[in-house]
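Try each task before you read its solution.

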Amino acid sequence: MTPGPVAASASRLPVAGNAVVRRAARDLLRRDRRAVVLAVVLHAAAAVAGLGAPWLLGMIVDEVTAGAGAGRLDRLALGIVGCVVAQGLLSRYAQYVGHRFGERAVARLREEFVRRTLALPVSVVERAGTGDLATRSSVDVNLVGTTVRDAVPVVVISTAKLMLLFGAVCLLHPILGLVALAGLPSIFVVARWYLRRARDAYLFEGAAAAELTETLTSTAEGARTIEALHLADQRIAHGTGRIARLWAARRATLRLRSVVFAVAGASYALPVAAVLLVGGPLLDRDVVSLGEVVAAALYLQQAIDPLDALLMWTEQTQRGMASFARVLGVGLVPPEPRGGAGVPSGRGVTLRGVRFGYGDGPDVLHGIDLEIRPGERLAVVGPSGAGKSTLARLIAGIDRPRSGVVLLGGRPVTDLDPAQRRREVVLVTQEHHVFMGTLRDNLAFAAPEATDEQMRAALVAVGADWYADLPHGLDTELGDGARELNPADAQQLALARIVLADPHTLILDEATAALDPTTARRTERALGAVLAGRTVIAIAHRLNTAHDADRVAVLDDGRITELGSHAELLAAGGAYAALWRSWHG
Ligand code: ADP
């Protein structure tokens, strides 16, 4: 039984189909055609040299039987040595060429994978979970690497060797050739049985491994929460379930291997046995010479290794193909829609009848209508779970509304070219990642063409005075193992990026909520410099943010219940007024 479906579900990243994988594999070979051809030619030459020794040995047997002199036998023996040396040298060089090709192909594959991963829309990565992506970028890319580097050359060489060896037996005597070929079908039958089942089984195994990684990483990341809420037993049960699935998947592939290797192992000796068995009576009737039977038996003995290698590496190639399908699947995610790049879309933000829910879940926003004027500051307040962060994600274009539309300067924000969208609207959250690399690298993400002067000015604008103390200025290495920034400094770095990116609309979601009060005040001062002249939508966790805003929108259970200036809402005496009064004691 082949375990479960392997096709991409709505939340998983897709897996490429057979045709796509075949085309990509052909592409990989075609892009380095010279090396591939050279490796194949060298391997073929090595295999031809390998045919010489049994042939000459067969001749020695016949010469000895005919009572030839020592001189002739010595020359034949010397020929054998020559063949062995030539084979060794040729196959060594062939392997060298093959490995260099493999390394180049893997390097290209990795670069391509990184490019595709970075092009994935944020919402797709969030839905799929980082475990799947992590498994594809590590386990799967590595497996494809080993396959290209080791398996493909072996499969090509073994096939060539087998054709030559069986061809040579046919040349010795056609009857011997036919007898040898008769030993092969059982291997083909079992190989076919195996290959039909292998792809799905290995794809399922890959998916199960990804699920386990996902479970383990999310458990490790949420360790504190799990401890606080006493969820350990639940997480262990969840993890155990995933391990059981992976175990079942591994057992399924192991079962395939155990059948295929057992049957094939017994079948390898069949051609040799058949030739010896039939060779005796043929020798008696003088149809073949003793030398020919010896040479044929030696050739078929030589064929055992390539047969074994072919089967073993065919299975590795199958696993590699399954991994390749998962790696290529990342490129099948539809890219974010591309609008007319470079056309400024204006500055106002308009929401019309916006409804949204996560996955297949219920709506969490129920028809939001909102007009935010260019340069306006709007604070969004409301209880936890009201949908404030969701609203922020929709305005930033990370998620697409189920119905209704979010317009940025009159154009749907999700239709904008991603690069252009990032120049126009930026969502600032608590996540302020410092990437490994120099301070300059960290700033250049936002504005690759920014000069050093502009970078320094941006740091000064957000009050990042710590910059002056860095030993190598903009070239100081940041991140793990190098200079680590404290949360407030990292937040300022994130704000400096915004100054450089210079978007006309900013959405602040919990930008300062998790910082201690002193740090938060510092950051808020820095923020002041960043906000000047931009349209700002602030998810307000402290009511003083709302007090300073031009207008306040109260969001409750996915609906805007009040909208107006601080003074107007106080005068209206609704939910906001009650909140404000309770906050002021
Ligand atoms: P707020 O920011 O006001 O606290 P959110 O926008 O975070 O509210 O959440 C609104 C609703 O959407 C909540 O019911 C929450 O459980 C749900 N929600 C938020 N994020 C997700 C998600 N990634 N997947 C599913 N549901 C979510």
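**Exercise 1. Is Thr317 buried or exposed, and which residues does Thr317 touch?**

Step 1: Start with the accessible area. Thr317 has a relative accessible area of 18%, so Thr317 is buried. Keep in mind that you're looking at a predicted model.

Step 2: Find the place. Thr317 sits in helix H11, which covers residues 290–329.

Step 3: List the contacts. Once you set aside neighbours within four places in sequence, Thr317 is in contact with Thr147, Ala151 and Val155.

**Exercise 2. At what angle do H7 and H9 pack, and how far apart are their axes?**

Step 1: Read off the geometry. H7 (residues 185–221) and H9 (residues 232–268) pack at about 160°, and their axes are 9 Å apart.

Step 2: Name the arrangement. Angles over 145 degrees count as roughly antiparallel, and therefore H7 and H9 are roughly antiparallel to each other.

Step 3: H7 and H9 make a left-handed crossing.

Step 4: Sort the residues. The contact of H7 with H9 holds 20 nonpolar residues, along with eight polar and eight charged ones.

**Exercise 3. Now do it for H2 and H3: at roughly what angle do their axes cross?**

Step 1: Get the numbers. The axes of H2 (residues 33–65) and H3 cross at roughly 160° and come within 8 Å.

Step 2: Name the arrangement. That makes H2 roughly antiparallel to H3.

Step 3: The crossing of H2 past H3 is left-handed.

Step 4: Sort the residues. In the contact of H2 with H3 you'll find 25 nonpolar, eight polar and three charged residues.

**Exercise 4. How many aromatic pairs are there? Describe two of them.**

Step 1: Know what to look for. You describe a pair of aromatic rings by the distance of the centres and the angle of the planes.

Step 2: Count, with ring centres within 6.5 Å as the cut-off. The count comes to three aromatic pairs.

Step 3: Take one pair. The rings of Tyr93 and Tyr96 have centres 6.1 Å apart and planes at 20°, so this pair is stacked. Tyr93 and Tyr96 both lie in H3 (residues 70–118), three residues apart, or about one turn of the helix. Tyr93 is partly exposed at 42% relative accessibility, and Tyr96 is partly exposed at 40%.

Step 4: Take another pair. Phe356 and Tyr358 are edge-to-face, with 5.1 Å from centre to centre and 85° between the planes. Phe356 counts as buried at 6% relative accessibility, while Tyr358 is partly exposed at 40%.

Note on methods: Residues numbered from 1 in each chain as written. Predicted model: local features only at pLDDT ≥ 70, side-chain atom pairs only at ≥ 80, totals over all residues. Heavy atoms only, no water. Axes fitted to C-alpha atoms, helices over the stretch in contact; angles between N-to-C directions. Helix = DSSP H or I, 4+ residues; strand = E, 2+ residues; numbered from the N terminus. Parallel < 35°, antiparallel > 145°, perpendicular 65-115°, else oblique. Left-handed = near helix turned anticlockwise from the far one by under 90°. Nonpolar A, V, L, I, M, F, W, Y, C, P; charged D, E, K, R; others polar. Phe/Tyr/Trp six-rings, centres within 6.5 Å; stacked < 30°, edge-to-face > 60°. Buried < 20%, exposed > 50% of the residue type's maximum accessible area, 1.4 Å probe, protein only. Contact = heavy atoms within 4.5 Å.
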